[in-house]
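Here is a short briefing on one protein chain. Keep the model open while you read.

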Amino acid sequence: MIWRTASPKWNFDDATFDRSVASLDNPDHVSIVIHNYRWRLGLAEGEPAYDALENRLAAGPVITVPTITLEGDANGAPHAAPAAYAAKFSGRYVHRNLTGGIGHNLPQEAPGAFAVAVVDVDAF
C-alpha cells in the first residue's frame with residue numbers, strides 16, 4: 001500500500017517486491033514502524049538518549065555540505081516544495097526534478113539519475 005501511494009506510477013515487478021520483503025523479516029518490524037509514525041505525529045515519546053540530538057535537528061540547522069536534492073514528479077508521499085527548504089543550504093546546492101512518473105523511491109525508480117546525483121555532488 002505504501003509503495004502504491006508514494007509511487008503511484010512505479011510498475012515494480014514481483015521479483016522487486018519479493019527482494020524487498022526480505023528486509024521486513026524482523027520480529028520487531030511492525031512495532032518499530034508503528035512507533036516511528038506515532039513519534040513523527042507527536043503521539044509517542046522518542047528515545048531519551050537522543051533528545052539532545054533531536055532538539056538540534058528540530059531547530060533546523062543550516063546544512064553546510066554540498067547537496068543535491070531530488071524530487072520525482074509523481075511523489076505521492078507528503079513533502080514540502082523545494083523552495084520551502086532551499087534556504088537551509090549554505091554550501092553549493094542544486095535541486096533536480098525528475099520526470100517520467102518518478103515517485104518517492106528514487107533509488108529504485110530512477111537509479112540512473114540517483115547515481116548521477118551522487119557522483120555529481122561528490123565533484124562539487
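## Briefing

The side chains of asparagine 105 and glutamine 108 make a polar contact at 2.7 Å. The model is predicted.

**Around asparagine 105**

- Asparagine 105 sits in the loop between strand 2 and helix 6 (106–109).
- Its relative accessibility is 19%. The cut-off for buried is under 20%, so asparagine 105 counts as buried.
- Beyond its neighbours within four places in sequence, asparagine 105 is in contact with Ser7 and Trp10.
- Trp10 is also a member of an aromatic cluster, described below.

**The chain as a whole**

- The chain has 7 helices and 2 strands.
- Read from the N terminus, the order of elements is α-α-α-α-β-α-β-α-α.
- The C-alpha trace spans about 40 × 40 × 25 Å along its principal axes.
- Of the 124 residues in the chain, 19% are buried.
- The accessible surface comes to about 9000 Å². Carbon and sulfur atoms account for 59% of that surface.
- Take the contacts between residues at least 6 apart in sequence: 72% of them join residues at least 24 apart.

**Aromatic rings**

- How many aromatic pairs does a search of the whole structure find? The search finds 7.
- One of them joins tryptophan 3 and tryptophan 10. The ring centres are 4.8 Å apart and the planes are at 40°, so this pair is tilted.
- Are these two tryptophans buried or partly exposed? Tryptophan 3 is partly exposed, with a relative accessible area of 22%. Tryptophan 10 is buried, at 11%.
- Tryptophan 3 also pairs with phenylalanine 17. This pair is edge-to-face, with 5.6 Å from centre to centre and 85° between the planes.
- Tryptophan 3 belongs to helix 1 (residues 2–6) and phenylalanine 17 to helix 2 (residues 14–21), so the pair ties together parts that are 14 residues apart in sequence.
- Phenylalanine 17 is partly exposed, at 39% relative accessibility.
- Trp3, Trp10, Phe12 and Phe17 form one aromatic cluster.

**Salt bridge**

- The count of salt bridges is 1.
- Which residues form a salt bridge? Arginine 96 pairs with aspartate 120, and their closest N and O atoms are 2.8 Å apart.
- Arginine 96 is in strand 2 (residues 93–98) and aspartate 120 is in helix 7 (residues 111–123), so the pair ties together parts that are 24 residues apart in sequence.
- Arginine 96 is partly exposed, with a relative accessible area of 24%.
- Aspartate 120 is partly exposed too, with a relative accessible area of 26%.

**Nonpolar surface patch**

- Which residues form a nonpolar patch on the surface? They are Met1, Ile2 and Tyr37.
- Together these residues have about 380 Å² of accessible area.
- Tyrosine 37 is in helix 3 (residues 29–40).
- The relative accessible area of tyrosine 37 is 40%, which makes it partly exposed. Patch residues need over 30%, so tyrosine 37 clears that cut-off.

Key
Residues numbered from 1 in each chain as written. Predicted model: local features only at pLDDT ≥ 70, side-chain atom pairs only at ≥ 80, totals over all residues. Heavy atoms only, no water. Salt bridge = Lys/Arg side-chain N within 4 Å of Asp/Glu carboxyl O. Helix = DSSP H or I, 4+ residues; strand = E, 2+ residues; numbered from the N terminus. Buried < 20%, exposed > 50% of the residue type's maximum accessible area, 1.4 Å probe, protein only. Patch = residues over 30% accessible without salt bridge, like charges linked within 9 Å, V, L, I, M, F, W, Y side chains within 5 Å. Areas by Shrake-Rupley, 256 points an atom, 1.4 Å probe, with all protein chains shown as cover. Polar contact = N/O pair within 3.5 Å; in protein donor to acceptor, adjacent residues only side chain to side chain. Contact = heavy atoms within 4.5 Å. Phe/Tyr/Trp six-rings, centres within 6.5 Å; stacked < 30°, edge-to-face > 60°.
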